[in-house]
Amino acid sequence: MTRKTRVRAGTVVGHTGAILWSALAIIPFALIVLLAFKSNTDIYTDPLGLFDVDWYPQNFVDAWNGAPGGQGFAVYLLNSAIVTTVAITGCLLIGAFTAYFATLASTRVRLMIIRLFLVATTLPLIMLLIPYYTAFNALDLLGSPWALGVLYIALCLPTCVLILHSFYLGFPAELAEAAAIDGLGRFQVFVKIVLPLSKGPIVAVGMINAFFVWGETQLAIVLLQAPDSRTIPVGLLDFKGQFASNTGAIFAGLTLATIPLIIVYLVFNRSITKGVALGGVFR
């Protein structure tokens, strides 16, 4: 086998893998959209059918209006936006600061910090439910989207620090030295030089954590008990009752909930790809 043939075979294998991976990502969303337009009967009797189907766009109206006794989709959307904005803003500010200044510490201190965050990524959420509920209840914060957003800052920090730390390890030291010669302190170098040049990794890690926060249900269902404080995933659970469920409205709500994420991803697509590539190698 010639080198040209091996390269061509490798290209075919790579493209095939990319197509299969894309299909794994697209097919579930396509199924959600398909089921969002079907009646409850067709969802259970013919979920994959495209012909002789009773199309039911009323599901989107039901999802937007909310389940009886609950709130409308607009309320859930606002709460999700509050939680995600607070979480991602705080996570990026604290995470970027921690990741950069960890690279300026001694090797022993830097490794200790990184190992601490690595250990934090191994903690399952189920172990944290009771302590978090006890703390929120004692502070009278149950039903506060703002407080939940602050909690997500702590949960998102390990991923943020680990990715940005890898990027900052390879950050050109000459730029920081030149800024220091001009009279800038370390914090000024970080704000005026480092942050503007790390836009790609910051956007990437922000989107990775935003996807997690936007769809997280395990903590939200426990800590957001008031109907007007629920995020989208928790609010959609109102359509599922003990004896009956509006499954079509649930799929319609999931479709509506995905639209903001798709828009944000399309806007920051290039920054996300570049940022993962720059920050994806740990040293």
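**Note on an all-helix chain**

1. Read along the sequence, the pattern of the protein chain is α-α-α-α-α-α-α-α-α-α-α-α-α-α. That is 14 helices and zero strands. Helices here are DSSP runs of H or I with at least four residues, strands are runs of E with at least two, and both are numbered from the N terminus.

2. A word on the basis. This is a predicted model, in which local features need pLDDT of at least 70 and side-chain atom pairs count only at pLDDT 80 or more, while totals for chains, interfaces and linings use all residues. Residues are numbered from 1 along each chain as its sequence is written, and side-chain values use heavy atoms, with hydrogens and water left out.

3. Overall dimensions come next. Along the principal axes, the C-alpha atoms of the protein chain fill a box of roughly 70 × 70 × 30 Å. The protein chain has 283 residues, and 39% of them are buried. Buried means under 20% relative accessible area, with a 1.4 Å probe and protein chains only.

4. Consider contacts (heavy atoms within 4.5 Å). Take those between residues at least 6 apart in sequence: 74% join residues at least 24 apart.

5. Now look at helix α8 (residues 173-181) and helix α9 (residues 186-197). Their axes come within 10 Å and cross at roughly 150 degrees. Therefore α8 is roughly antiparallel to α9. The label applies to angles over 145 degrees. Axes are lines fitted to C-alpha atoms, for helices over the stretch in contact, and angles run from 0 to 180 degrees between N-to-C directions.

6. The crossing of α8 and α9 is right-handed: the near helix is turned clockwise from the far one by less than a right angle. On the α8 side, Leu-175, Ala-176, Ala-179 and Ala-180 make the contact; on the α9 side, Val-189, Ile-193 and Leu-197 do. These residues divide into seven nonpolar, no polar and no charged. Nonpolar covers Ala, Val, Leu, Ile, Met, Phe, Trp, Tyr, Cys and Pro; charged covers Asp, Glu, Lys and Arg; the others, Gly among them, are polar.

7. Helix α10 (residues 199-215) packs with helix α13 (residues 247-267) at about 175 degrees, their axes 11 Å apart. So α10 is roughly antiparallel to α13. Met-207, Phe-211 and Trp-214 of α10 meet Ala-257, Pro-260, Leu-261, Val-264 and Tyr-265 of α13. The count for this contact is eight nonpolar, no polar and no charged.

8. Finally, the rings. The whole structure holds 11 aromatic pairs. Rings of Phe, Tyr and Trp (its six-membered ring) pair if their centres lie within 6.5 Å. Ring pairs join Phe-97, Tyr-100, Phe-101, Phe-167, Tyr-168, Phe-187 and Phe-190 into a cluster.

Note on methods. Angles under 35 degrees count as roughly parallel, over 145 as roughly antiparallel, 65 to 115 as roughly perpendicular and the rest as oblique. Rings of Phe, Tyr and Trp (its six-membered ring) pair if their centres lie within 6.5 Å; planes under 30 degrees apart count as stacked, over 60 as edge-to-face and the rest as tilted. Buried means under 20% relative accessible area, exposed over 50%, partly exposed in between (1.4 Å probe, protein chains only).
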